[in-house]
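Student: I want to go through the charged side chains in this one. Can you put it on screen?
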Amino acid sequence: FNYENLPIPRKPLWNVNTTKEELLAMEEEVFINWRRGLANTAKQTNLEMTPFEKNIQVWKQLWRVIEISHLLILIVDGRNPL
């Protein structure tokens with residue numbers, strides 16, 4: 001599987017002059033474009049995505065946490081249940 005076809009949606013760039021409405025519109029646009037790419041990848045590879053990847057609120061929460069964090073830790077469970 002080519003994971004380059006399954007990117008993580010990036011929060012749009014903003015600054016102190018960006019209004020809340022502008023930021024929300026940019027986030028929505030980035031997310032919709034990302035979802036379109038995700039749908040194309042799923043169709044080409046016959047993969048199904050979980051509801052979490054399709055929920056903009058999950059990504060907005062992650063973006064906010066990353067913005068205010070000094071340290072991020074990623075814990076990966078690599079066990080094979082089979």
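Student: Which residue does Lys11 form a salt bridge with?
Tutor: Keep in mind that this is a predicted model. Lys11 pairs with Glu27, and their closest N and O atoms are 3.7 Å apart.

Student: Where in the chain do Lys11 and Glu27 sit?
Tutor: Lys11 is in the segment before helix H1 (20-45), while Glu27 is in helix H1. The two are 16 residues apart, so the pair links distant parts of the chain by the definition used here.

Student: Buried or exposed, those two?
Tutor: Lys11 and Glu27 are both buried.

Student: What about Lys60, which residue does it form a salt bridge with?
Tutor: Glu27 again, with the closest N and O atoms 3.6 Å apart. This pair also links distant parts of the chain: Lys60 belongs to helix H2 (residues 56-68) and Glu27 to helix H1, 33 residues apart.

Student: And is Lys60 buried or exposed?
Tutor: Lys60 is buried, as is Glu27.

Student: Which residues are linked with them in a network of salt bridges?
Tutor: The network consists of Lys11, Glu27, Lys60, Arg64 and Glu67.

Student: Switching topic. What do the side chains of Asp77 and Arg79 do?
Tutor: They meet in a salt bridge, at 2.6 Å from N to O.

Student: Buried or exposed, Asp77 and Arg79?
Tutor: Both Asp77 and Arg79 are exposed.

Student: How many salt bridges in the whole structure?
Tutor: A search of the whole structure gives five. Among them are Lys11 with Glu27, Lys60 with Glu27 and Asp77 with Arg79.

How values were computed. Residues are numbered from 1 along each chain as its sequence is written. This is a predicted model: local features need pLDDT of at least 70, side-chain atom pairs count only at pLDDT 80 or more; totals for chains, interfaces and linings use all residues. Side-chain values use heavy atoms; hydrogens and water are left out. A salt bridge is a side-chain nitrogen of Lys or Arg within 4 Å of a carboxyl oxygen of Asp or Glu. Helices (H or I, at least four residues) and strands (E, at least two) are DSSP runs, numbered from the N terminus. Buried means under 20% relative accessible area, exposed over 50%, partly exposed in between (1.4 Å probe, protein chains only).
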